[in-house]
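User: Could you walk me through reading a pocket and its charged pairs in a model like this one?

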Amino acid sequence: MIRRPPTVVCYICGREYGTKSIAIHEPQCLKKWHNENNLLPIELRRSEPKKPEVRTITAKGFYDLDALNEAAWTNALSQLVPCDICGRTFLPDRLIVHQRSFCRPVGVSLTLWR
């Protein structure tokens with residue numbers, strides 16, 4: 001059985017990175033998050049995501065990676081914004097595209113919407 005190397009979930013974007021790569025990724029991801037957040041309309045801007053603190057330590061003195069990843073994933077999901085029309089959740093920059101191009105109120109045809 002081949003064992004996969006341990007990965008850590010980014011609390012900002014929700015992607016998985018190696019235990020050594022995450023320290024490089026997180027500052028870059030946060031900078032990208034700030035750049036994208038500043039481009040959004042004021043009503044869609046969010047407060048900066050906070051890194052979850054998981055203090056669960058195993059008997060061997062290591063952090064519980066599963067608990068850390070679960071907290072980071074939950075934090076990443078909290079960044080999603082629901083669509084006012086259909087209720088699906090998106091990152092704020094993708095919500096704008098979704099509402100402009102794909103989502104329509106019930107009963108409205110494409111020809112009437114445009």
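User: Which helices each supply at least two residues of the lining of the largest pocket?

Analyst: Start with the idea: on a 1 Å grid over the protein atoms alone, a pocket is an open set of points with protein on both sides within 12 Å along at least five of seven lines, and lining residues have an atom within 4 Å of a point. Helices are DSSP runs of H or I with at least four residues, strands are E runs of at least two, and both are numbered from the N terminus. Here helix 1, helix 2 and helix 3 (92-101) each supply at least two lining residues, and helix 1 gives the most, with 7 residues. This is a predicted model, where local features need pLDDT of at least 70 and side-chain atom pairs count only at pLDDT 80 or more, while totals for chains, interfaces and linings use all residues. Residues are numbered from 1 along each chain as its sequence is written, and side-chain values use heavy atoms, leaving out hydrogens and water.

User: How many residues line the largest pocket, and which lie nearest its centre?

Analyst: The lining has 20 residues, with Ile12, Cys13, Lys32, Glu36 and Leu91 nearest the centre. Domain bounds come from an automatic or database domain assignment; domain 1 (7-79) and domain 2 (80-113) both give residues to the lining, so the pocket lies between them.

User: Lys32 and Glu36 are in that list. What do their side chains form?

Analyst: Side chains of opposite charge can pair when their charged atoms come close. The term salt bridge asks for a side-chain nitrogen of Lys or Arg within 4 Å of a carboxyl oxygen of Asp or Glu. Glu36 and Lys32 meet in one, at 4.0 Å from N to O. Both lie in helix 1, 4 residues apart, about one turn of the helix.

User: How many salt bridges does the rule give, and which parts does the pair Lys51 and Glu26 tie together?

Analyst: The count is 3. Lys51 and Glu26 form a salt bridge at 2.9 Å, N to O. Lys51 lies in the loop between helix 1 (22-39) and helix 2 (65-77) and Glu26 in helix 1, so the pair ties together parts 25 residues apart in sequence.

Glu16 also forms a salt bridge with Arg4, the closest N and O atoms being 2.6 Å apart. That pair links distant parts of the chain: Glu16 sits in strand 2 (residues 16-18) and Arg4 in the segment before strand 1 (7-9), 12 residues apart.

User: Is Glu26 buried or exposed?

Analyst: Buried means under 20% relative accessible area, exposed over 50%, and partly exposed in between (1.4 Å probe, protein chains only). Glu26 is buried at 12%, whereas Arg4 is exposed at 57%.

Note on methods
On a 1 Å grid over the protein atoms alone, a cavity is a set of points where a 1.4 Å probe fits but cannot get out, and a pocket is an open set with protein on both sides within 12 Å along at least five of seven lines; lining residues have an atom within 4 Å of a point.
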